[in-house]
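Reader: I have a model open and want to go through it piece by piece. Can you start with the terms, then the layout?

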Amino acid sequence: MASPAPLVASISHQMVALHTLQLLQQEWGWGDGPGAPGSPRDLDHVSAAPERRSDPRLARARQGRGEEGGGKGARNVGSGARASSPEVEVVRGAEGGAELLPLPRGRGPCTLAQMAMRSALARVVDSTSELVSVEQTLLGPLQQERSIPIHLKDSVEFRNICSHLALQIEGQQFDRDLNAAHQCLKMIVKKLIQSLANLPSDAHMVACASLRQILQNLPDI
């Protein structure tokens, strides 16, 4: 029996990334309901997926923000120095994710660029959710029967990109990180399809079809 450890570890990194991106959506007011722009799909079918609720550490960070002076200057994350934007506060997650308090909600109508950014972020969130679901429900049982090559370092990189993305405010660096997350996620899916391509069973074909559907939802941006 093949060891499921690499797949389990890969899923764990992807779920940290997913939690980070969902938190970013929520704190920007982009995922408050099924009709909200950029709201991710329901993750009830994904076992052990992070709950989409406000983190209590964020509430404490908000209170601390009100007590501190609003100085300007570059942020030093390690020392807790203030950012140039007083609306932003970062809390490091215990599992390697980054948790962000970005711009407050209700700052007027969105520009076309912001709407495109919301759509791109929602696409990455939805596709990551679907990937985790496919890995858990389809690849997990297959991995126990036959070894499937898993490129763990790609999932680690995806988690790190998403953590860095959550530290950004809207701008060129945010766009670059979002594009990098998009491309890294595509690479993970493509490598999984390649790993399954030469395995002839019906179950492997079903998993491949599900992964190809995820790719279709990740067009180049």
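Author: Terms, then. Helices are DSSP runs of H or I with at least four residues, strands are runs of E with at least two, and both are numbered from the N terminus. This is a predicted model.

Reader: Where does Pro4 sit on that scheme?

Author: Pro4 is in the segment before α1.

Reader: Is Pro4 buried, exposed or partly exposed?

Author: Pro4 has 34% relative accessibility, and it counts as partly exposed. In space, its C-alpha is 8.9 Å from that of Pro141, although 137 residues separate Pro4 and Pro141 in sequence.

Reader: Back up to the whole chain. How many helices and strands?

Author: The protein chain has six helices and two strands. Their order along the sequence is α-α-β-β-α-α-α-α.

Reader: And what share of the residues is buried?

Author: Of 221 residues, 45% count as buried.

Reader: What about contacts across the sequence?

Author: Take the contacts between residues at least 6 apart in sequence: 72% of them join residues at least 24 apart.

Reader: Helix packing next. At what angle do α1 and α3 cross?

Author: The axes of α1 (residues 5-27) and α3 (residues 112-145) cross at roughly 155° and come within 10 Å. Angles over 145 degrees count as roughly antiparallel, and α1 and α3 are therefore roughly antiparallel to each other.

Reader: Left-handed or right-handed?

Author: The crossing of α1 and α3 is left-handed. The residues of that contact comprise 13 nonpolar, nine polar and one charged.

Reader: Different topic. Which helix holds Asp154?

Author: Asp154 is in α4, which covers residues 152-166.

Reader: Why does Asp154 count as buried?

Author: Because its relative accessible area is 4%, and buried means under 20%.

Reader: Which residues is Asp154 in contact with, neighbours within four places aside?

Author: With those neighbours left aside, Asp154 is in contact with Cys184, Met187, Ile188 and Lys191.

Reader: Last one. Where is Ala203 found?

Author: Ala203 belongs to helix α6, residues 202-216. Ala203 counts as partly exposed, at 38% relative accessibility.

Reader: How far is the C-alpha of Ala203 from that of Leu138?

Author: The separation between the C-alpha atoms of Ala203 and Leu138 is 7.6 Å, and the two residues are 65 residues apart along the chain.

Key:
Residues are numbered from 1 along each chain as its sequence is written. This is a predicted model: local features need pLDDT of at least 70, side-chain atom pairs count only at pLDDT 80 or more; totals for chains, interfaces and linings use all residues. Side-chain values use heavy atoms; hydrogens and water are left out. Axes are lines fitted to C-alpha atoms, for helices over the stretch in contact, and angles run from 0 to 180 degrees between N-to-C directions. Angles under 35 degrees count as roughly parallel, over 145 as roughly antiparallel, 65 to 115 as roughly perpendicular and the rest as oblique. A crossing is left-handed if the near helix is turned anticlockwise from the far one by less than a right angle, and right-handed if clockwise. Ala, Val, Leu, Ile, Met, Phe, Trp, Tyr, Cys and Pro count as nonpolar, Asp, Glu, Lys and Arg as charged, and the others, Gly among them, as polar. Buried means under 20% relative accessible area, exposed over 50%, partly exposed in between (1.4 Å probe, protein chains only). Contact means heavy atoms within 4.5 Å.
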